[in-house]
Structure formats: C-alpha cells, structure tokens
Amino acid sequence: MQLSFSAPLWQWQARQDDAWWFVTVPPDESDLMDDLPLPPRGFGSIRVRVTVGATTWQTSVFPSKEQQCYVLPMKRSVRRAEGLEPGAPVRVTLETVDV
C-alpha cells in the first residue's frame, strides 16, 4: 500500500531535547493502515518506506492514542536535509513494507 499526504511537523512535548519529532498520518490514511492484515509487531507498529522530498528511508509508524492516528517519526537528518520547520506541512509518501 502506498499513501501520500501532507501534515505538519510537531515535537513530542514530553521531551524537549529536539530528538522526538513527528508527522501524524491523517485519519483516513490511518484507518486504511488499521485494515491491513499485517503480522503483529511491537507497540502495533507498521514498517514503512518513507519519502520526503529527495530523502527516502525505512522506519515504522506507531499508533498514538493521543493523536488517535499513526505517527511517523522524523529523523533529525531528514529534517535538516529537507529544511523542515516546526509546524510547517510536510509532504509524505509512505509505502508499507510487510504487505
């Protein structure tokens, strides 16, 4: 499954050390991911290949009770390479890996 969306970059408020930044997968796309027949993984995570701008990497998205959607961690190297700013929309292409 491949999904594309834009969502703002936000920092996890429990940590202020600049390490934990995320983009929330929108509700409709999160619902599609919930319906995937995937093997169980830690914390309900789903392995994905992500492209933001010219940067592609593999990671996992995680269900968030607080956000009520999946959240995508945004590595510092990606934020820097793509010039991502807090609160600014991030254009994401996300492809599931385990399907």
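## Close-up views of a predicted model

**View A. Strand S2 pairs with strand S5 (residues 69-73) in the antiparallel sense through 3 bridges.** The coordinates are those of a predicted model, in which local features need pLDDT of at least 70 and side-chain atom pairs count only at pLDDT 80 or more, whereas totals for chains, interfaces and linings use all residues. Residues are numbered from 1 along each chain as its sequence is written, and side-chain values use heavy atoms, with hydrogens and water left out. Strands (E, at least two residues) and helices (H or I, at least four) are DSSP runs numbered from the N terminus; two strands are taken to pair if DSSP finds at least two bridges between them.

**View B. Strand S2 (residues 21-24) is covered on both faces.** Trp-21 and Val-23 on one side, and Phe-22 and Thr-24 on the other, are all buried; the term buried denotes under 20% relative accessible area, exposed over 50%, and partly exposed the range in between (1.4 Å probe, protein chains only). Leu-72, which belongs to strand S5, is likewise buried, with a relative accessible area of 0%. The C-alpha atoms of Leu-72 and Trp-21 are 8.4 Å apart, although 51 residues separate the two along the chain.

**View C. Gln-68 has a positive phi of about 60° although it is not a glycine.** The residue is found in the loop between strand S4 (55-64) and S5. Gln-68 is exposed, its relative accessible area being 70%.

**View D. Arg-49 and Glu-95 form a salt bridge through their side chains, at 3.4 Å from N to O.** The pair ties together parts that are 46 residues apart in sequence, because Arg-49 lies in strand S3 (residues 46-52) and Glu-95 in strand S6 (residues 89-96). The criterion for a salt bridge is a side-chain nitrogen of Lys or Arg within 4 Å of a carboxyl oxygen of Asp or Glu, and by this rule the count comes to 1. Side chains of opposite charge can pair when their charged atoms come close. Arg-49 is partly exposed at 31% relative accessibility, and Glu-95 is partly exposed at 31%.

**View E. The largest pocket has a volume of about 280 Å³.** A pocket, found on a 1 Å grid over the protein atoms alone with a 1.4 Å probe, is an open set of points with protein on both sides within 12 Å along at least five of seven lines; lining residues have an atom within 4 Å of a point. Grid points are joined across faces, edges and corners, and the volume is the space filled by probe spheres set on them. Among the lining residues are Trp-10, Trp-12, Trp-20, Phe-22, Phe-62, Glu-66 and Val-71. S4 and S5 each contribute at least two lining residues, and S4 provides the largest share, 3 residues. The lining comprises 8 nonpolar, 2 polar and 1 charged residues, where Ala, Val, Leu, Ile, Met, Phe, Trp, Tyr, Cys and Pro count as nonpolar, Asp, Glu, Lys and Arg as charged, and the others, Gly among them, as polar.

**View F. The protein has 2 helices and 6 strands.** From the N terminus, these elements run β-β-α-β-β-β-α-β. The C-alpha atoms fill a box of roughly 35 × 30 × 20 Å along the principal axes. Of the 99 residues, 38% count as buried.
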